[in-house]
Amino acid sequence: MVEVLSQTSDRSAEFETQDLLLNVGPQHPSTHGVFRMVMTVDGEVVRDVIPYIGYLHRGAEKLCETMDFRQGIGFMDRTEYLAAFNAELSYVMAVEALADLEVPERAQWIRMILSELNRLSSHFMFLGAFGVDTGVFGTPFIYAWREREALIDLFEEVSGDRMMYAYFRPGGVAWDVPINFVDRVKEVLKSSAQGIDDFDSLLSENEIFLARTQGVGAISAERAIALGMSGPSLRASGVDMDIRRDEPYLKYDELEWDVITGDHGDVFDRYYCRVLEMRESIKIISQCLDRLAPGPILPEKMPRMLRTPPGEVYLRTEAPRGEYGVYMVSRGGNRPYRCKVRSSCLSNLQALHELTVGEYVADAIIILGSIDIVLSEVDR
Amino acid sequence: MRGIAKSMARTFAVFLRKPVTRDYPSYHKPIPERDRAFPLLLWDEGIDEPFCTGCHACERACPVECMTVLMKDNPNHKSLDGTSSRRKIIDKFWIDYARCMRCNICVEVCNFDAIAMNNTWEGHETSVYDRQDLVMDLQQLLSQSRTGNINEWVPVLGQTNETVSEADAEDSEVSN
Amino acid sequence: MTTEPAEEQFTNQIGDHTEIWSIVDNALLGIGVTRETGFMDVIISVETDEIVEASRALRDDEDANFDYLRSLTAVDNMADGMEVVYHLYSISKKHNVTVKVFLSNESLRLPTVTSIWPAANWLEREVAEMFGIKFSGHPDPRNLLMPEEIDDTFPLRKDHPLAEIEVLQGEGMGYSGEEL
Amino acid sequence: MSVELFGTSFNPWADAAIRLQLVVGFMTVVVMGLIYAERKILARFHQRVGPQKTGPRGLLQSVADAVKLVGKEDLRPAAADPWTFELAPYFVFIPIFLGFVIVPWVQDWNVRLLELGILYFVAISSISIVGWVMAGWGSDNRYAIIGALRAAAQGISYELPLVLALLSAAMIAGSLQLDKIVEFQSTVPLIVWQPLGFFIFFVAALAELNRTPFDIPVGESEIVGGPFVEYSGIRWSMFFLAEYAGMLIMAFVGSSVFLGGYSWPFGEDFGLPLQILLAAGKGGLFIFLIFWVRASVPRLRIDQLMGYSWKILLPFSFLQILINGFVLVYGLPHIVLLITGVLSLGLLFWVTEGIVQRPLEPRRRRARPTIVQEAEVS
């Protein structure tokens, strides 16, 4: 059926045609921030695409080199504003590895709950924006914001801020969660599950949505690996890689959960992997809540000013968009000598050219949406 | 068509739900005790002077260098027949709210519990027409605490719920 | 060799490294390698002109199979030159290695590895513009994050200063030098 | 040679002009209400509240918008083609309003009842495509030209199923005059005899109106508004007005042809108020359906859109005409129409589901980690 619907005749032999340069961004409704790409289009088909990034470059790496370890947390939040807990997590775990700090049990569970909740909120954001990219007028966006609002309210109750939490600290978390935390998380999980159901029935089976997303922007597993993609975008191609499982950090190896992989590596699989991943997140959080026991949340002896011995570590965690790594070099003292952020979005965005060329203009937009970039993480 | 029918059924089900809009300017949602807006200075009502002694601890710890602190000798000190035990006291204090990134570090490093993050709506609704108006001086920083329009929640690093519930059992009951 | 941390200093190394050492040694037969042990991963350093050869060996060797370039960055060691750091991972074998290349300040130039890992493309562009390291043979040597016309400023070098902070508090403060 | 209007006699041209003016003036107000209704209804589909600050429950929102738009500067890009750019809104706006000539609002409330009413309607409404292309070309903007070409391709493609669906209804009703078609439906509405025709008409109407899922010419998330990306102020609002007026006229033509307009189910004997209620209710239902679809489905891609029109809708509309022809020629009972209509509609749905490459299948869930399991064992 598809072959019949999408057949087009080869026009190039009949007319002399001229390619059109189409500039998308930096201000465009679907570039998810300040991203610019110049597309060469032949009619409706993209022949070439050149991405331009750097509009949001703030030098977070350089700034971190001039800050002590606690001050750097705030800048890490701002590299990934949609999943700031995950960004903080990589950073503080790198510091802990360097300073050889033992993190108390309770703090680890709290960290896991919050980073998984943050994964939920980030994926909701993806679903919303992606739904709008495919052309549903606002409905998925508002559904997403409705659920994200509940999550962010919870984060505010815990950390005091809605987006830039600065809550994870080297050694643990800054202060304990509120007394009614467990109940509140359960409440929020319930509403999130409802939100995922809403999305599932709104988009996942809609024929037009499937026609738009399936078979579009497909990438093979080999190419996805070679281009350094990570996270759901990589797993959608069928690569079974999840840092949470392969190199377990925190307590992920003590829980029962599955890694979701796709088969086709197209836009739809990237979307649906995320939807299923959200359900896994809910599963993880519910198990964490059962194991959350009272106890200290920072090590007994925390120095007032943290200093680390010289050394270097590349600490990677599985953030919602993929591998978020912090390469930290210390030469002793209270600040990193070099702090490099390995941004999953940057590496995923590299694949854009390969994904887009040969597709339609309208598909270019949803392909960009499907790799779910956060420009502040791309540019850092 | 079945999928489209399912989508339409779901949107119609949502159509019948109650709207979730919070009518913001006319309705302010109660914000949690831990909410962090911008830092404020606290007023010691017992002695009627600020807690802050101008020790520069917060100024040094601030990652974005948004603070400027000047200290002076306390005219109200006991040696000068005053009532205060503070030898030095804050003279001038500026915080540039436009630069502040609300990281809470100034609160954590303060030795005198003199600075706190504003956890009222006043702290969030700070829009002005001129960026210069976001540079708060000492009087502006103190005014909210002086009028009692702030419920202090000065987080102690590493504080667990057990210690909280023992110490402030009554408070937390009230706030919850 | 600027960093040679004593091994006994670290207590939280993950796992036993002997296996990965033997794999890497087998893969890199005939290539001069210096070993170190990092916090989580093993670190090897190779000579500048052998990096492409070593990379290819690490990727193509069946036991090593480092097919995934996690990260590529550089560290400015000031007087001691610079080092370029490759973090490699094998998706099938699930092991890591960190490869380092040390460069002297006189010749900040090394061959590109984009032919081995296409993922290196943008990462090398970023390193090139931020540190001023030339990657010879790079297919697309434009600036990545900075404007294209800037080619003599390298922000992540240690001798590059931070920008001045614009101070709004000075105005109307009414204090001068003697009061401070 | 004179016509009665409000008890006075006029020259027929003057009379038509006055009637049309009344309709246009009235429609402008109705369109404002329609915009308000769309915002409120879509808001409820989103679980929001919608406009609520301007006037009681936000009722004056459209008025405020109109005032703002009129007050805005009318900008023209320096490189634009001045004549094409400035005339384009009229080419979109005027044909839509000329289409109101043939609509039988209620019994005896109309501008003119043309004998070839349906033909006139489809002929005049397709002129507005020229306006779209002019807007796209005149703007000297690449998004605009892409949008204009999409609009032209889509408008022409969906014109055919639309006409054929209306034609098949007219075959059964035996007239192209809209009030005759309405009278024909005083007992049973034509949607019962022509379910396939109604579906084709509805889909083609969505495409003609550039509404979701066929809003690719404006495609906000891709080409940022398409042909009117460069327009502002009053010219932009004319496009907007034309869009909603088009929706209104399509709703009333659709309800007249397929739902029985003002007549069914109570006939014409119940007087004017009930007729108004019926006409407005059916038109409103049609419009609500358009809003509902807008809130629920994504946008098609250009090739899928064209393919759907030429390869699915067009053959099926011919099939409908064929069936009608058989029934009329051999004098078969109308129940045959219902049965074949439902069957062919089912066939159409089945074919439409074929546009999906692969049905939703649960993704592989890789079992528990291999490495960790080994570690736990050892």
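Visitor: In which sense do strand β4 and strand β5 of chain B pair, and over how many bridges?

Guide: Two strands count as paired if DSSP finds at least two bridges between them, strands (E, at least two residues) and helices (H or I, at least four) being DSSP runs numbered from the N terminus. Here strand β4 (residues 67-73) of chain B and strand β5 (residues 88-96) of chain B run antiparallel over seven bridges, and B:Lys72 stands opposite B:Ile89 in β5(B). This is a predicted model, in which local features need pLDDT of at least 70 and side-chain atom pairs count only at pLDDT 80 or more, whereas totals for chains, interfaces and linings use all residues. Residues are numbered from 1 along each chain as its sequence is written, with chains lettered from A and ligands numbered from 1 in the order in which they are written.

Visitor: Which strand pairs with β5(B) over two bridges?

Guide: That is strand β7 (residues 135-136) of chain B, again in the antiparallel sense, and the bridge partner of B:Asp96 in β7(B) is B:Val135.

Visitor: How is chain D divided into domains?

Guide: Domain bounds come from an automatic or database domain assignment, and for chain D they give domain 1 (1-71) and domain 2 (75-354), with C-alpha centres 20 Å apart. The contact between them takes 18 residues from domain 1 of chain D and 17 residues from domain 2 of chain D, where two residues are in contact if their C-beta atoms, placed from the backbone, lie within 7 Å. On the domain 1 side, α1(D) gives the most, with 15 residues.

Visitor: How do the residues of the side of chain D that touches chain A divide by class?

Guide: Ala, Val, Leu, Ile, Met, Phe, Trp, Tyr, Cys and Pro count as nonpolar, Asp, Glu, Lys and Arg as charged, and the others, Gly among them, as polar. The contact takes 42 residues from chain D and 52 residues from chain A, and the chain D side has 16 nonpolar, eleven polar and 15 charged residues.

Visitor: Which residues have the most contacts inside the largest nonpolar core?

Guide: A nonpolar core is a set of buried Ala, Val, Leu, Ile, Met, Phe, Trp, Tyr and Cys residues joined through C-beta atoms within 7 Å, a residue being buried if 20 or more other C-beta atoms lie within 10 Å of its own. The largest core has 318 residues, and those with the most contacts inside it are A:Ala94, B:Ile115 and D:Ala204. Not counting residues up to four places away in sequence, A:Ala94 touches A:Val313, A:Leu315, A:Val326 and A:Met328.

How values were computed. Buried ≥ 20, exposed ≤ 12 C-beta atoms within 10 Å, placed from the backbone.
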